[in-house]
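Open the model in a viewer and keep the sequence panel beside it. The tour below goes from selection to selection.

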Amino acid sequence: MPGDWYERGLKVRKEVLTPEYVENALKNVDEFSAPLQEMVTEHCWGWLWNREGLPRKTRSLVNIAMLCVLNRPHELKVHVKAALRSGCTKEENRGVLRQVGVYAGVPAAVDGFRSAREALKAVGA
């Protein structure tokens, strides 16, 4: 059974991604996907996002860079929106994507900018 990390993770996950997003993700859980949602909530959002050392804003920018490099446009859009809620500015989002362009390649940055632009437009930023 999920323990304290799960509850702490659920709280942070809702704060960063919005309660609506998280509740929608969890309502679609079935027997097959339940272990993944539990792991994501407990380990990613509970254990990692509750640790000292990096503020949420920095974690968000790191996530944007990694998701862009990994070519994960759906998750990138989610985390671009989340970064705004974590205190990142539109300019900081743009800055991390430029950084991706230099260190990980222009094609990754081009796709990242495309996804980020869609996400920012969706939230009116």
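**Second largest pocket**

Start with helix 7, which gives 5 residues to the lining of the second largest pocket, the largest share. Helices here are DSSP runs (H or I, at least four residues), numbered from the N terminus. This is a predicted model, in which local features need pLDDT of at least 70 and side-chain atom pairs pLDDT 80 or more, while totals for linings use all residues. Residues are numbered from 1 along each chain, and side-chain values use heavy atoms, without hydrogens and water.

A pocket is an open set of points on a 1 Å grid where a 1.4 Å probe fits, with protein on both sides within 12 Å along at least five of seven lines; lining residues have an atom within 4 Å of a point. The space amounts to about 160 Å³.

**Largest pocket**

Move to Val40, Trp45, Leu67, Glu75 and His79, which lie nearest the centre of the largest pocket, among 17 lining residues. The lining divides into 12 nonpolar, 3 polar and 2 charged residues, with Asp, Glu, Lys and Arg counted as charged. The volume of this pocket is about 320 Å³.

**Arg59**

Finally, select Arg59 in helix 4. Arg59 is buried without a salt bridge (buried: under 20% relative accessible area, 1.4 Å probe; salt bridge: a side-chain nitrogen of Lys or Arg within 4 Å of a carboxyl oxygen of Asp or Glu). Glu52, the nearest side chain of opposite charge, is 9.0 Å away. A polar atom of the Arg59 side chain lies 2.8 Å from the backbone oxygen of Arg51.

Note on methods
Grid points are joined across faces, edges and corners, and a volume is the space filled by probe spheres set on the points. Helices (H or I, at least four residues) and strands (E, at least two) are DSSP runs, numbered from the N terminus. Buried means under 20% relative accessible area, exposed over 50%, partly exposed in between (1.4 Å probe, protein chains only). Lys and Arg count as positive and Asp and Glu as negative; His and the chain ends are not counted. A polar contact is a pair of N or O atoms within 3.5 Å; within protein, one must be able to donate a hydrogen and the other to accept it, and residues adjacent in sequence count only if both atoms are side-chain atoms.
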